[in-house]
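Dear colleague,

I am handing over the structure we spoke about, and my notes on its salt bridges and one of its sheets follow below it. Please read them with the model open beside you.

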Amino acid sequence: MMVDSTFAQVGKNLSEAMRILGDGQREPETGPEKWRFSRTSIPGPLQGDGQDVATILHLVHNLIHDEEEEEDKPSQHRMQHVGEQGHMALLGHSLAAYISVLDRERLRKLTTRILSDTTLWLCRLFRYESGSAYFHEDDRDGLVKVCRLVINARYEEYASEGYSVLSSRQPVIYQSASGRSGLGQHLCSQLGLPLSSLCTVPCNTIFGSQHQMDVALLDKLIKEDVESGKLPLLLIANAGTPGAGHTDKLARLKDLCDQYSMWLHVEGVNLATLALGQVTSAIMAASRSDSMTLTPGQWLGLPAVTAVTLYRHEDPALSLAAGLTSSQPVAKLRALPLWLSLQYLGHSGIVQKIRHATALSQQLLQKLKALASIKTSDVLQTEVSLLEALTMVEDELSSPVVLFRFSQEMSSASSGGSVEGYCAGEKEALDAFNRWLGEQLLQLVPTSGVDVVELEDEGTCVRFSPLLTAAVLGTQEENVEDLMEKLSELVPVMCSTMCLRQDFREETHRHSPSLTYIEELSWPGLGAVRYEPRAEGMDESRRKQELETVNSELLKKLQDLDTDIIFSTGPEFGTEEDCIFVGMVTEDVDVSELVDTVAALGRDIEENGRLLENMTEVVRKGILEAELQLQKANEEKLTEEGVLRQLPLVGSVLNWFSPSQSSIKGRTFNLAAGSLDSTETTYSTKAQPGRPSLQESPTSSSKKQPGQRLFRRSGAASDSFSETSSVGPAEETTRAGSTTPSGSIQPPASPPAPEEDSHAAGVVVPEDIQEASVQEHTQLEDEVASEERQPEGQEVEQSGR
């Protein structure tokens, strides 16, 4: 069978383009010429001679992957897995452009065949008999066209008189409070209706799911609108709400719509299960609806495939007036990518993909139930679990959407933590923890496709919806196993952190006023703390600068410690500044030692900063005193030796016959104490005073064994450590001697401070400053000694200085 050469060329070009664009690595350059295209060179001048296809495709590849190279990490989140069926969809777009240039008659026959085949397959596949199909890019556009169809059908004079006929009986569109946000407003803006034509129906709060439309209340609202002269026009129901995946009572809603001659439109991810062999009665009722919107591109992993709205109506003229059908053959080519993809997959392939997605959700749900600390939750369940799955649908096992939420019962907190005074912000804190949980799971297992959703009643939850992500990301059963493994590792860390938050607060208050506890319920971690330096005699700007400097340096020192606890500046858009946020911790963390270390490090930084600030003044005064001492020594020498010995020639003759026996009076400048001392001890013992040898320098009493971590309670089990925890193995060594007060605890990782001489009592100087003091000590000592040891022939020059 001969194939059109243009068709063959289109397929060849598409394969080459997919090979170049899909390659994750740039091809190495063989010549001396550099890669010509980069982000910095765009936009640039249009090439006069044009570029070949391969060069342009490499340019597109470069633009796609340049952002990843700049960020120094590949973008793996939501990276679509394009399989063979995806290639068929992309080929459909290319063929649609080629087919559009055929002559009108051949184009009409071809597009009619494509449209009729696709409509028939979809109606049979999703159990929607005798339906028509409208293919649209925006998944809301089908509902807009359906609303226009209903308006044309219910208002007979609408085609001739337009919107003026709506003033006699205002149309009303009903939607669920759990429906898509902004959908009703979009309908009103597209149809030219006031927002008063939109009625939001609340969901159940006592009986049934909290995300299902309240049918009894809907009936009451419709009666009130009818009595006030309004026209109930259309009801939007959900077969899988956008947030929780819950299905409304579609059978009862259909009966209610028939009673008031309303149009029932259904949408939601659960409609995909209509293709399976066994369908629950709740979803099966959707086949009785007047219209429903499907998104097969998401369910089957087909890129750039249109959404489809199936509807039933007998008057083709009204469908044409509403825009559901088109007389333009090119508009019918929107179905071509889906037409090719459905044929490639076949009925069995389509059903297998949907069944695989639902099996993944069932696998995760069963795993959640099997774990001791994880339980499923429905409206009849009153027991609060450690991590509860919220799958509020009529049939849990058939739901393709699984929600779970960390919800630790505060009364079951371990003895290591207290919960008094915490319950007021418990919900906000739990939302922050669940938000962190979802982000961690997505980062650790990106192919799982989990995301974070905000629900009005439950709060922040983690959602697993494989029908929307599995085909796109290529999720398999082993990915669900990995998800459960990471989840079982993260939950104990979250529990221990939640229990120790109050202890951290109390320990921080114990160090007041040097430490201030920062109330930040949106932080998923142990808490936040700020070191408050002493601000006596400082103005506000100086105090703020000191606060920022000390806490910034404190954060660096904490991050350099040998510990798995994460210290950071907090959320990117947080309200608190100049404070330190402590991340997740395990149950064996010694909170008291942690807070003591923060206070001790902050105190050292503050004292060292004050010492460095005063060093300039100390050195200046010391130099002035040294000059006075040298001047006084020269005057005493002049008095002792006489004026004649200061003359160059006479002094030399006198020194030759009668040498001078002047004593050496050296001086040393102690940089730490800021004082001039005699060097008599130095020359008598030939040793530097106040400087211990390296062998005698003290060591830190909190020195750890190799491989141990900080802030671990003694006797903690070593097997409690995991790769996701924030603290390392338990510390077995104890501090030497008796327990010291909290105010004198030194940070375990701080360098040992040398002992001071008796002349510098009460002054504590870091090691680096002590070294500088000794160097200055030696230099000034040599300089003073050289002044007093001048040769006899140069005494006059010395006196003239």
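Glutamate 519 is partly exposed, with a relative accessible area of 40% (buried means under 20% relative accessible area, exposed over 50% and partly exposed in between, with a 1.4 Å probe and protein chains only). Its side chain meets that of arginine 505 in a salt bridge of 3.0 Å, N to O, the term standing for a side-chain nitrogen of Lys or Arg within 4 Å of a carboxyl oxygen of Asp or Glu. Because glutamate 519 lies in the loop between strand S13 (515–518) and strand S14 (527–531), whereas arginine 505 belongs to helix H17 (residues 477–510), the pair ties together parts that are 14 residues apart in sequence. Arginine 505, for its part, is buried, at a relative accessible area of 16%. Helices (H or I, at least four residues) and strands (E, at least two) are DSSP runs, numbered from the N terminus.

Please bear in mind that this is a predicted model, in which local features need pLDDT of at least 70 and side-chain atom pairs count only at pLDDT 80 or more, while totals for chains, interfaces and linings use all residues. Residues are numbered from 1 along each chain as its sequence is written, and side-chain values use heavy atoms, with hydrogens and water left out.

By the salt-bridge rule the count comes to 22. Another of these joins arginine 534 to glutamate 606, with the closest N and O atoms 4.0 Å apart; here the link is between distant parts of the chain, since arginine 534 sits in the loop between S14 and helix H18 (540–559) and glutamate 606 in helix H19 (residues 591–641), 72 residues apart. Arginine 534 counts as partly exposed at 40% relative accessibility, whereas glutamate 606 is buried, at 1%. Elsewhere, salt bridges that share partners join Asp139, Arg180 and Glu267 into one network.

Turning to the sheet, seven strands form an open, mixed arrangement in the order S1-S7-S6-S5-S4-S2-S3, where two strands pair if DSSP finds at least two bridges between them. Strand S1 (132–136) and strand S3 (198–201) are the edge strands, each pairing on one side only. Strand S2 (residues 171–176) runs parallel to S3, the two being paired over four bridges, and tyrosine 174 has cysteine 199, in S3, as its bridge partner.
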